[in-house]
Amino acid sequence: NDEANEYKQLLSGVKSAAPTLFNLLDVNNNQSLSKSELAHVTKFEKALKKGGGMRELLRDVFSILDENADELLSVEEIMDGSANDQVITKLSTRVHELFPLRSDADELKDFVTSSIESIAGGGGAVVDKESVAKGMKWVDDDGDGHISKKEVAKYYNLAGKKFMEISKTIKQLGPMLAMFGGMDMNGGGGDGFKMDL
């Protein structure tokens, strides 16, 4: 079933990206998401809507990584992008323009680098040609070893829909989370809802 395979691939991508997204939202780096940090979910939701800026951000990221401007991302371009400080700075600046979650764009460099590296499996995975090629497969529908803008758009739309569903659930759980505000859900006595990933 194609739909089941697409969902499985999307879930795999979300699972590898979850720690990176958690770190992005955890503005004060206390390993806990407060109510104000969870409020950034609404900003992401608005960015996903037409004219919200996320689609343009994604196009810019693609263009920055696409060194030879052939409208395809290769394994080499992704590897080069993750190792190139100028590329990381451009991407960090662009992300910061849409989501000013830190005091300046430089503070987003680790997030941007780990986002690119998450294609290789994240979590300390070795970023080499083989791991990046393997990581790209979940977006590379035609199996040509490249990621096209069309493939990115397809998974952007799928991920956007799933994010909106998750966001709706978070909003529905909001009152319950507010009740637990001031409680560390892992028993550590923190100042907010804690999610261990």
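The legends below describe close-up views of a predicted model of one protein chain.

In this predicted model, local features need pLDDT of at least 70 and side-chain atom pairs count only at pLDDT 80 or more, while totals for chains, interfaces and linings use all residues. Residues are numbered from 1 along each chain as its sequence is written, and side-chain values use heavy atoms, with hydrogens and water left out.

**View 1. Overall make-up of the protein chain.** The secondary structure comes to nine helices and two strands, where helices (H or I, at least four residues) and strands (E, at least two) are DSSP runs numbered from the N terminus. From the N terminus on, the order is α-α-α-α-β-α-α-α-α-β-α. Of the 197 residues, 34% are buried (buried means under 20% relative accessible area, exposed over 50%, partly exposed in between, with a 1.4 Å probe and protein chains only). Among contacts (heavy atoms within 4.5 Å) between residues at least 6 apart in sequence, 57% join residues at least 24 apart.

**View 2. Helix H4 against helix H6.** The axes of H4 (residues 54-65) and H6 (residues 85-98) come within 10 Å and cross at roughly 175°. Axes are lines fitted to C-alpha atoms, for helices over the stretch in contact, and angles run from 0 to 180 degrees between N-to-C directions. H4 and H6 are therefore roughly antiparallel to each other (angles under 35 degrees count as roughly parallel, over 145 as roughly antiparallel, 65 to 115 as roughly perpendicular and the rest as oblique). On the H4 side the contact includes Met54, Leu57 and Val61, and on the H6 side it includes Val87, Leu91 and Val95. By class, this contact has nine nonpolar, no polar and four charged residues (Ala, Val, Leu, Ile, Met, Phe, Trp, Tyr, Cys and Pro count as nonpolar, Asp, Glu, Lys and Arg as charged, and the others, Gly among them, as polar).

**View 3. The buried side of H4.** Met54, Leu57, Phe62 and Leu65 are the buried residues shown in H4. They cover an arc of only 135° around the axis, which puts them on the same side of H4; the arc is that of the directions from the helix axis to the C-beta atoms.

**View 4. Helices H5 and H8.** In H5 (residues 75-83), the buried residues are Val75, Glu77, Ile78, Gly81 and Ser82. Among the elements they pack against are H4, H7 and H8. In H8, Ser131, Val132, Gly135 and Met136 are buried. Seen down the axis of H8, these residues fall within an arc of 135°, so they line one face of the helix. The buried residues of H8 pack against S1, H5 and S2, whereas the face turned away from the buried side carries the exposed residues Glu130 and Lys134.

View 5. Most residues other than glycine have a negative phi. Phi of Ala69 is a positive value near 55°, and phi of Glu71 is a positive value near 65°. Ala69 is exposed, with a relative accessible area of 60%, while Glu71, at 47%, counts as partly exposed.

View 6. Leu33, in the loop between H1 (2-25) and H2 (35-38), is buried at a relative accessible area of 3%. Leu33 and Phe22 are eleven residues apart in sequence and 8.1 Å apart in space, C-alpha to C-alpha. Ser103 lies in the loop between H6 and H7 and is exposed, with a relative accessible area of 60%.
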